[in-house]
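Visitor: I've never looked at this one before. Could you show me around?
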Amino acid sequence: MNLGFLASGRGSNLQAVIDACRRGELAATPRVVISNNSASGALERARQAGIPAYHLSSHTHGEGLDEAILEALRRHEAQLVVLAGYMKKLGPRTLAAYRNRIVNIHPALLPKFGGQGMYGMNVHQAVITAGERETGVTIHLVDEEYDHGATLAQARVPVLPGDTPETLARRVLEREHTFLVETLGKIVRGEIPLD
Ligand code: GAR
């Protein structure tokens, strides 16, 4: 299955998928990586791996951003789109063209601790402040709202006494890497239906 990625930052989830595909653990091919951030680790990792990488943002493309993203995904024949730390909303054309073919990974057990502003350390800080004893990872279909859409899979991660946002983030991120690969594998094999 051909994968397209959108990512804004570090790109460690992207890297986990690239590595799994390379090792033959995931029957998929990363075909294109798009970032709104020209300095993102994700674009750098893609280039290192020889995957076409594009900086497409409202600054570079203005009103035409949605169309430019869709065009890049189509040109590289992406069949499934993975939001791997993409901190922007997708436009209506891309959402319509890839309905039920776009998945997002979120570092908490949605519907808790999701939505606008709930990303990065904010999520883990909120989990600790709320006194949760468990958090995790959610992979879900993407719709018009942040961190919304049908949940496809969740993994649980313990919150330990004395955790700081940083220690918790590290534990969750480690689980994200394996869980994203596992879940994409299930999607590719049809074990998790998208429709
Ligand atoms: C990951 O923790 C991902 O779950 C989160 O951004 C991080 C990206 O890390 N996504 C969200 O918070 C979406 N709301 P990465 O760039 O190293 O893969």
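Guide: Happy to, and keep in mind that this is a predicted model. Let's start at a helix end: just after α7, G190 has a positive phi of about 80°.

Visitor: How many Å does α7 reach from its first C-alpha to its last?
Guide: Let's work from its length. α7 has 24 residues, and at 1.5 Å a residue the expected span is 34 Å. The model comes close to that, with a reach of 33 Å.

Visitor: Which elements give two or more residues to the shell around the ligand?
Guide: Start with where the ligand sits: the space it takes is the largest pocket. The elements that supply two or more residues each to its shell are α1 (12-22), β5 (102-106) and α7 (165-188).

Visitor: What makes up that shell by class: how many nonpolar, polar and charged residues?
Guide: The ligand has 14 residues around it, and R10, G11, S12, N13 and E176 come nearest. Sorted by class, the shell has three charged, five polar and six nonpolar residues.

Visitor: What percentage of the ligand's exposed area does the protein bury?
Guide: First, look at some polar contacts, which need N or O atoms within 3.5 Å. The side chain of R10 has an N or O atom 2.6 Å from a ligand oxygen, and a polar side-chain atom of S12 lies 2.5 Å from a ligand oxygen. I105 uses a backbone N or O atom instead, 3.4 Å from an oxygen of the ligand. Taken alone, the ligand exposes 450 Å², and the share buried by the protein is 92%.

How values were computed: Residues are numbered from 1 along each chain as its sequence is written. This is a predicted model: local features need pLDDT of at least 70, side-chain atom pairs count only at pLDDT 80 or more; totals for chains, interfaces and linings use all residues. Side-chain values use heavy atoms; hydrogens and water are left out. A residue is near a molecule or strand if one of its heavy atoms lies within 4 Å of it. A polar contact is a pair of N or O atoms within 3.5 Å; within protein, one must be able to donate a hydrogen and the other to accept it, and residues adjacent in sequence count only if both atoms are side-chain atoms. Accessible areas come from the Shrake-Rupley method with a 1.4 Å probe; for residues, only the protein chains shown count as cover. On a 1 Å grid over the protein atoms alone, a cavity is a set of points where a 1.4 Å probe fits but cannot get out, and a pocket is an open set with protein on both sides within 12 Å along at least five of seven lines; lining residues have an atom within 4 Å of a point. A molecule sits in a cavity or pocket if more than half of its atoms lie within 2 Å of its grid points. Helices (H or I, at least four residues) and strands (E, at least two) are DSSP runs, numbered from the N terminus. Ala, Val, Leu, Ile, Met, Phe, Trp, Tyr, Cys and Pro count as nonpolar, Asp, Glu, Lys and Arg as charged, and the others, Gly among them, as polar. The expected span of a helix is 1.5 Å times one less than its number of residues.
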